[in-house]
Structure formats: structure tokens, C-alpha cells
Amino acid sequence: MAYRVVAYLIAAAVVVQAAAIAFALFGLAKWVSDGATANESRLEHATFTGHSGFDIHAVNGQMIIPVLAILLLIFAFFAHVRRGVLWGGLILLLVVVQVLLGYVSFLVPGLGALHAINALAIFVLAVVAARADAVPRQSSTPAMPSGADRTSA
């Protein structure tokens, strides 16, 4: 149960990431189209609508999602979910790549596209991981034949 909840929390956090950065960038675009100029020092003190989206994106992506990914992998070892450790390990790996892409994309902006694509991969794997926990486990006790009398034994 905890495995599934954490996996869904990762998927939800990726949605928050997308919403936060969209909020920030559309706010920045409006601010600039209204006549402001944007440079690094000016953005640090800017008060345009959406500025908080950058902070939300940074905290969520650098702290919350990585912690959730680590928790998912830890829970995977105890949850006995089919391929749970595989999904948890892949998600953690993609989260590490995601954080690195976030930093490197400031130096090589073209990698920002990979940052977005990798985020979608994290979302999909998190949903797959959560759904893997929802699959009913096979019972270790043999099923009774349909015509058997269940009261006698």
C-alpha cells in the first residue's frame, strides 16, 4: 500500500513540476511583453506573476521528488510487488538523470528538451509502478473446485 501511494505521489509531483514551470514561464513572458527586461540579477528580485513557479519547480524537483524516489525503492524491497524493485530503481535512476539534466540544461539549453521528455518517462514509470501494486497477488493456498462443498472438510 505504501509503495503504491508513494508511486502515485511521484506521478502527482511530476504534474506539479509541469504546472509550476508553465506558470513561471508564462508569467515571465507576460512580464517581458509588458516592457520589462529579464536578466539573472533582475529575475532574483522580480515580482511578476508566476515567479513563485520557479521556486516550486526547484524545491519539488531537487528535494521532494528525489526523496520520494528513494522511499519508493526502499518500500519496493518490503512490498513484494512484482517487479517493484525494478520500477523503483528505474525511477530513482531517471530522477537522478532529471536533476542532472536540470542543471546541465542551463549550460546547454538544447538538453532542456530531454529534461521534459525524461519527466514524462518518470511520470509513466511511476504510474506503472503504482499499478503493479494493484495487481492481485496469487494466493498460496490452492483454490477449491467450484462444485466442492466448502463446509465439509
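Colleague: Which residues lie nearest the centre of the largest pocket?

Modeller: Ile 21, His 57, Gly 102, Phe 106 and His 115 lie nearest its centre, and they belong to a lining of 33 residues. A pocket here is an open set of points on a 1 Å grid over the protein atoms alone, where a 1.4 Å probe fits, with protein on both sides within 12 Å along at least five of seven lines, and lining residues have an atom within 4 Å of a point. Please keep in mind that this is a predicted model, in which local features need pLDDT of at least 70 and side-chain atom pairs count only at pLDDT 80 or more, while totals for chains, interfaces and linings use all residues. Residues are numbered from 1 along each chain as its sequence is written, and side-chain values use heavy atoms, with hydrogens and water left out.

Colleague: What volume does the largest pocket have?

Modeller: The largest pocket has a volume of about 1200 Å³, taken as the space filled by probe spheres set on the grid points, which are joined across faces, edges and corners.

Colleague: And which helix gives the most to the lining?

Modeller: Helix 3 does, with eight residues, although helix 1 (2-33), helix 2 (40-44), helix 4 and helix 5 (112-134) also each supply at least two. Helices are DSSP runs (H or I, at least four residues), numbered from the N terminus.

Colleague: How does the lining divide by class?

Modeller: The lining has 20 nonpolar, 10 polar and three charged residues, where Ala, Val, Leu, Ile, Met, Phe, Trp, Tyr, Cys and Pro count as nonpolar, Asp, Glu, Lys and Arg as charged, and the others, Gly among them, as polar.

Colleague: Switching to packing, at what angle do helix 3 and helix 4 cross?

Modeller: The axes of helix 3 (residues 51-79) and helix 4 (residues 84-104) cross at roughly 165 degrees and come within 8 Å, which means that helix 3 is roughly antiparallel to helix 4 (an angle over 145 degrees). Axes are lines fitted to C-alpha atoms over the stretch in contact, with angles from 0 to 180 degrees between N-to-C directions.

Colleague: Which residues make that contact?

Modeller: Among them are Gly 61, Ile 65 and Pro 66 of helix 3 and Gly 88, Gly 89 and Leu 92 of helix 4, with contact meaning heavy atoms within 4.5 Å. The contact divides into 14 nonpolar, five polar and no charged residues.

Colleague: What about helix 1 and helix 5, how far apart are their axes?

Modeller: Their axes are 8 Å apart, at an angle of about 155 degrees, so helix 1 is roughly antiparallel to helix 5. In that contact, residues including Tyr 3 and Arg 4 of helix 1 meet residues including Arg 131 and Asp 133 of helix 5, and by class the contact has 15 nonpolar, no polar and three charged residues.

Definitions and conventions. Angles under 35 degrees count as roughly parallel, over 145 as roughly antiparallel, 65 to 115 as roughly perpendicular and the rest as oblique.
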